[in-house]
Amino acid sequence: MAFRSVRASLLQSNIYLLPHALCSMPSEMKPRFVLLYGSQKGQAQAIAEGVAEEAETHGLFAELSCLENNEKYNLETETAPVVFIVSTTGDGEPPDNALKFVRNIKKKTLSSDHYKHISYALLGLGDTNYANFCNCGKAIDRRLRELGASQFYASGYADDGVGLELVVDPWIKGLWNAIKEELSNMTSKQTECVKEEVRDSSKETPDPSTADMQLNLLSIANCQNCKSIGQSEKLANLASPSVSTTQTAGSDLRPDSSSRRIGLSSRTDGALSADAGVASLTHSLPPLSQSALNIPALPPPYLCVSLQEMETTEDIFGPLNKENLQEVPISKATQLTRGDSVKTALLLELDISTLPAMTYQPGDAFDVYWPNSATEVEDMLHRLGLQDQRNHRVLISLLKDTKKRGAQVPSYIPQNASLLYLLTWCLEIRSVPKKAFLRALVEYTVDGVQKRRLQELCSKQGTTDYNSHLREQSLSILELLNAFPSCSPPLSILIEHVPKLQPRPYSVASSCLRHPGKLNFVFNIVEFPACSGRTAGRRGLCTGGLFDLISSRLVLPGNVKSSSKPALPKIHVNLRPTCTFRPPADVSVPFMMVGPGTGVAPFIGFLQQREEQRRQNPLATFGETWLFFGCRHRDQDFLFREELESFVSSGVLSHLQLSFSRDDPEEQEGADETISPTAQRRYVQHNLKLHGRQVTDILLKQKGCIYVCGDARNMAKDVDTTLMEVIKAELGMDQLEAMKTLAALREEKRYLQDIWG
């Protein structure tokens, strides 16, 4: 009976199959591994789906599930290898669909051997422009090991700031041999168990009816050992000069083994460019234009889409139904910048007096749901040749013969949605096209030159061109289609590849104690200049739309009179879940704020709250408050100048340290005469360094907090580096000790960031 139990286990796990027959066997008979993903915007999911599809070519079966769908997998009893692919969102937080999983594995009641039976590999996606790079992946990795799980393959951490493919591709390439090696090891272990049981059973009277079966099973199991690379070789793959072993990620979803190598297409130099000597979106130069290409495998189609004429146009009110979504009027709009400022900053006041559910705290954030531009939606309809079917109902179902693993109809598209509604509220037509989408477009492009260029842009060899002409220019899907007129994709391709229209997040810039029934927020109007794929500049979708909405009633700087006109139209907003980016609950705790430009917004709420608390509790002891603010010019970009100066006068703000990067350093207020006027105070990080002693005293001796808000790609990185330098200099620490000190501050939630790219 014991032997039969082992045999049943082997049959269930399918790990003893003969290698030469793997690829021809049905999925349910192939060696399996579990593939779990957590994804906020679809990147990790797309990579996981690519891995699942690629597994078939390696004779493996990937059991694909989202981490939130725990009814489809069970790590408590899992015996197959497990592969995690997870992204990070916000301030190092798990994606929404991984949050429950992370909370569960962090339970303190779990024993140190809870997952000792789990063997796993993990790929994390992140962006080094943000704090807590790949924090979700690292947290899962760390916790699994704490619970006794073992790694069969080195973890990869991919950086979207430099290109996910730099890590994702080699990581996936090495994954297959690692899985096969792990399956082989599992087979060997179970074979030993079988042999042990056979030896034990030989001590008893043998059962002639099972003797041949025992021998055959052992022979099959021993044949399973497959050729695989060792762990040192796996690590070497991830440690190549162009790949970081600690920071990894990818957007080209297939490794070399799954790519198609194509030859040159005939082309006419300069056919799509006025200047054949300059590379552009539609025109490449040698060596790329003369290279053979490794292009990704064609993503399998999975949706069947048709349009049905409706007798009456149903009014599906947008945006999509969402819990706690509110319509609120804009009660006031003020321009904060003056003169010829490079950026235009606006302050909007929302009237939430009739919405008791819209309760917020300083530091909270909220989402604005903004539809796609009506003009761009109209252009897209014409580009697809569907302008006469705008009011037709979109019918979506899964293709019966799709080869896409985990395929499902997008949940964010209502069943009765019209085509017009779909393009207005459901799809992010402003998103930058992914390489998988470019690869799909190749199949619908007639012109040979244009087809070749799309192949280049989605190929491994064309990564530089893809980054420079699409990613860095924030080129939209519509702009791409307009640049390749012979490309005529069906609507199904757009629905399959274009992501969900995302809300735009903003920090609250007010306190309910100061402004009951009101919510303020600040933003710069985002400008995208013309480029090779865009003939004219355009504004950001939400910031440009908000400006158009309020421009006729905008209160300009110096005009203290508010508009007497009726409230502006309502906008759709939703408060985000409670965050940790808030002033200390204990008012005696000192804190520092770093917020150049519109990054000062949440700190206005902090200080308004502090001022009201001082009025309500005049005898309380309040900790010091510091604000490091910076902008280009004092007379043009000094946001909230009067209010900040008032906070200083009243003592609410203990120290206001200013930096004006384009003004003469000698004229900057409070400049120290002993300091050379060579821009030591040009940026906020310079002021931080000048006050290094106070910074370390407040953070490390007084157990205070520091908050950073603003640009992730430059400012936040520079501030982080400066804090490390200050800690090293003031406390005599080495680099590693300083890094650990900063990490401890983050862990204790005393170094918090609200940053964006």
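Predicted model: local features only at pLDDT ≥ 70, side-chain atom pairs only at ≥ 80, totals over all residues.
The protein contains 22 helices and 23 strands, and buried residues account for 52% of its 757 residues. Among the contacts in the protein with a separation of 6 or more, 79% are made by residues 24 or more positions apart. The accessible surface amounts to about 34600 Å², and carbon and sulfur atoms contribute 49% of that area.

Helix α8, which spans residues 374–384, packs against helix α9, residues 419–426, at an angle of about 130 degrees, and the two axes are 10 Å apart. An angle over 145 degrees would count as roughly antiparallel and one of 65 to 115 degrees as roughly perpendicular, so α8 is oblique to α9. The crossing of these two helices is right-handed. On the side of α8 the contact is formed by Val-377, Met-380 and Leu-381, while α9 contributes Leu-419, Leu-420, Leu-423 and Thr-424. By residue class, the contact of α8 with α9 comprises 6 nonpolar residues and 1 polar residue, with no charged residue taking part.

A second pairing involves helix α21, residues 712–731, and helix α22, whose axes come within 9 Å and cross at roughly 120 degrees. This arrangement makes α21 oblique to α22, and the crossing is right-handed. The residues in contact are Asp-720, Leu-723, Met-724, Ile-727 and Lys-728 of α21, together with Gln-735, Ala-738, Met-739, Thr-741, Leu-742 and Arg-746 of α22. The contact of α21 with α22 divides into 6 nonpolar, 2 polar and 3 charged residues, whereas the contact of α8 with α9 includes no charged residue.

One of the α22 residues in this contact, Thr-741, belongs to a helix that runs over residues 735–747. The relative accessible area of Thr-741 is 15%, which is under the 20% limit, and Thr-741 is therefore buried. When neighbours within four places in sequence are left aside, Thr-741 is in contact with Leu-700, Ile-727 and Met-733; of these, Ile-727 is also listed among the α21 residues that form the contact with α22.

Helix α10, residues 435–442, is largely enclosed by the rest of the structure, because 8 of its 8 residues are buried. The buried residues of α10 include Lys-435 and Arg-439 as well as Phe-437, Leu-438, Leu-441 and Val-442.

Several loop residues can also be described individually. Asn-97 is located in the loop between β3 (82–87) and α3 (99–105) and is buried, with a relative accessible area of 12%. The C-alpha atoms of Asn-97 and Leu-67 are 6.4 Å apart in space, although the two residues are 30 residues apart in sequence. Residues up to four places away in sequence not being counted, Asn-97 touches Gly-38, Ser-39, Cys-66, Leu-67 and Glu-68.

Pro-286 and Pro-287 are joined by a cis peptide bond with an omega of about 5 degrees, and Pro-287 is placed in the loop between β7 (260–262) and β8 (293–295). Cys-134, which is not a glycine, has a positive phi of about 55 degrees; Cys-134 lies in the loop between β4 (119–126) and α4 (135–146) and is buried, with a relative accessible area of 1%. A positive phi, near 60 degrees, is likewise found at Lys-749, a residue of the loop between α22 and β23 (751–756). Lys-749 counts as partly exposed, with a relative accessibility of 40%.

Definitions and conventions: Residues numbered from 1 in each chain as written. Heavy atoms only, no water. Axes fitted to C-alpha atoms, helices over the stretch in contact; angles between N-to-C directions. Helix = DSSP H or I, 4+ residues; strand = E, 2+ residues; numbered from the N terminus. Parallel < 35°, antiparallel > 145°, perpendicular 65-115°, else oblique. Left-handed = near helix turned anticlockwise from the far one by under 90°. Contact = heavy atoms within 4.5 Å. Nonpolar A, V, L, I, M, F, W, Y, C, P; charged D, E, K, R; others polar. Buried < 20%, exposed > 50% of the residue type's maximum accessible area, 1.4 Å probe, protein only. Areas by Shrake-Rupley, 256 points an atom, 1.4 Å probe, with all protein chains shown as cover.
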